Amino acid sequence: MSVKVRIPTILRTYTGGQAEVTAEGAKLSEVIESLEKDHPGIAARVLDDQGKLRRFVNVYVNDDDVRFEGGLDAATPDGSGISIIPAVAGGC
């Protein structure tokens, strides 16, 4: 299954500056493995040391938050759009 992954600015150093890349996989964990194969180092920014999604990284498959759709087992149908959105903090 081929999907398009939107890459946030902070992670584009891993994709050679590309804002969107193609990855393969029927579920999110496979898509992340595909991303890591083609763009080494990116998985460590999305997954924690236990291999789970980092607490402050949100991932959406076709606008559905994967935390409510099975997490790393969330289905990624062919042609899906995946968005990786790191939390942003700030203040005065």
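This note walks through a predicted model, point by point, from its overall build to individual residues.

1. Overall build. The protein holds 2 helices and 5 strands, and along the sequence these elements follow the pattern β-β-α-α-β-β-β. Its C-alpha atoms fill a box of roughly 45 × 30 × 25 Å when taken along the principal axes. The radius of gyration is 12 Å, which agrees with the value near 12 Å that a compact globule of 92 residues would have.

2. Among contacts with a separation of 6 or more, 50% are accounted for by residues 24 or more positions apart.

3. The nonpolar core. The largest nonpolar core has 22 residues, and those with the most contacts inside it are Val5, Val46, Leu53, Ile82 and Ile84. At least two residues of this core are supplied by each of β1 (2-6), β2 (20-24), α1 (28-38), α2 (42-46), β3 (57-61) and β5 (81-86). The largest share, 4 residues, comes from α1.

4. Isoleucine 84 within that core. Which residues does isoleucine 84 contact, leaving aside its neighbours within four places in sequence? They are Val5, Arg6, Ile7, Pro8, Leu11, Leu35, Val46, Val57 and Asn58; of these, Val5 and Val46 are also listed, together with Ile84, among the core residues with the most contacts.

5. Helix α1. The buried residues of this helix are Leu28, Ser29, Val31, Ile32, Ser34 and Leu35, and they pack against β1, β2, α2, β3 and β5. One of them, Leu35, is in the list of contacts of isoleucine 84.

6. Strand β1 and its two partners. In a regular strand the side chains alternate between the two faces of the sheet. In β1, the covered face carries Val3 and Val5, and the uncovered face carries Ser2, Lys4 and Arg6. This strand is joined to β2 by 5 bridges, the two running antiparallel, and valine 3 stands opposite alanine 23 in β2. Another 3 bridges join β1 to β5, and here the strands run parallel; the bridge partner of arginine 6 in β5 is serine 83.

7. The salt bridge. The structure holds 1 salt bridge, in which the side chains of aspartate 73 and lysine 27 meet at 3.4 Å, N to O. The pair links distant parts of the chain, since aspartate 73 lies in the loop between β4 and β5 and lysine 27 in the loop between β2 and α1, 46 residues apart. Are these two side chains set in buried or exposed positions? Aspartate 73 has 55% relative accessibility and therefore counts as exposed, whereas lysine 27, at 29%, counts as partly exposed.

8. Two residues with positive phi. Asparagine 62 has a phi near 50 degrees, a positive value in a residue other than glycine, and its place is in the loop between β3 and β4 (64-65). Aspartate 63, likewise not a glycine, has a positive phi of about 75 degrees and lies in the loop between β3 and β4. With a relative accessibility of 40%, asparagine 62 counts as partly exposed, while aspartate 63 is exposed, its relative accessible area being 69%.

Notes
Residues numbered from 1 in each chain as written. Predicted model: local features only at pLDDT ≥ 70, side-chain atom pairs only at ≥ 80, totals over all residues. Heavy atoms only, no water. Core = buried A, V, L, I, M, F, W, Y, C linked by side-chain atoms within 4.5 Å. Buried < 20%, exposed > 50% of the residue type's maximum accessible area, 1.4 Å probe, protein only. Contact = heavy atoms within 4.5 Å. Salt bridge = Lys/Arg side-chain N within 4 Å of Asp/Glu carboxyl O. Pairing = 2+ DSSP bridges. Rg over C-alpha atoms; globule rule 2.2 N^0.38 Å.
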